Amino acid sequence: MDGRSDEEDARAPRMTKISRHAFGLTSEGGFSISVVENMEEEYGMFVWPSSVVLAEYVWQHRSRFSGASIVELGAGTCLPGLVAAELGSDVTLTDNSSRLEVLENMRRVCDINQLNCKVMGLTWGEWDEPMFSLKPNIILGADVLYDTKDFGDLFATVTFLLKRSPGSVFITTYHNRSGHHLIEYLMVKWRLKCTKLLDAFSFMPSCKATSLSGNIQLAEIMLDEPSY
């Protein structure tokens, strides 16, 4: 049993499951988020461990997110962005413009959780008109550092968004894979700096840490130059 309701079951498309993710205790304003996962689609339709880690980090720093403007990149099942929305953030959820089934699933999940988030197609490295309306205080990205061939376009997009809003930050969680040196190179290329680097196990509650595997890190990244 995963605690889902009959209404949630009825609204989920075929070949899916609805997972529920709890944050905090009810007595401290805690809540749960329901996420539709498609068991037959590609990786964008699963809740990956890095997404759980980033969502927990958002919850633990909830005062920071209240009233903030948030953009989640490569959001997929968008758990971190949904947590931010529940905490009072103005959230825009984005994923590749060509992945219509992922974008539609985002809208479905927002509806299930009764959260009012914007959903936008945003392909890294492409400068479509909707991008110019974004001025996020915080950019979220869970496991967006997955395929090294996409790193350049991702960092170009992140840098563009950071420059749109002085003092903004990119918070990302990722498995420390072989692309680590490429990440460092691209940060230098785009004049970015890492202001915080944490191991996921240093802040995850034990009840959630037991389900994690691998070396998951969280990084906060900002511009390494003044914005004018």
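1. About 190 Å³ of space lies in the second largest pocket. The model is a predicted one.

2. Strand S1, helix H2 (49-60) and helix H8 (206-209) each contribute at least two residues to the lining of the second largest pocket. The most comes from S1, which gives three residues.

3. S1 covers residues 16-23 and pairs with S2 in the antiparallel sense, over eight bridges. Within this pairing, Ala 22 stands opposite Ser 32 of S2.

4. Strand S2 (residues 31-38) is largely enclosed by the rest of the structure, because seven of its eight residues are buried. Buried here means under 20% relative accessible area. For the protein as a whole, 50% of the 228 residues count as buried.

5. On the overall fold, the secondary structure amounts to eight helices and nine strands. Of the contacts between residues at least 6 apart in sequence, 69% join residues at least 24 apart. The accessible surface comes to about 11,000 Å², and carbon and sulfur atoms account for 50% of that surface.

Methods:
Residues are numbered from 1 along each chain as its sequence is written. This is a predicted model: local features need pLDDT of at least 70, side-chain atom pairs count only at pLDDT 80 or more; totals for chains, interfaces and linings use all residues. Side-chain values use heavy atoms; hydrogens and water are left out. Buried means under 20% relative accessible area, exposed over 50%, partly exposed in between (1.4 Å probe, protein chains only). Helices (H or I, at least four residues) and strands (E, at least two) are DSSP runs, numbered from the N terminus. Two strands pair if DSSP finds at least two bridges between them. On a 1 Å grid over the protein atoms alone, a cavity is a set of points where a 1.4 Å probe fits but cannot get out, and a pocket is an open set with protein on both sides within 12 Å along at least five of seven lines; lining residues have an atom within 4 Å of a point. Grid points are joined across faces, edges and corners, and a volume is the space filled by probe spheres set on the points. Contact means heavy atoms within 4.5 Å. Accessible areas come from the Shrake-Rupley method with a 1.4 Å probe; for residues, only the protein chains shown count as cover.
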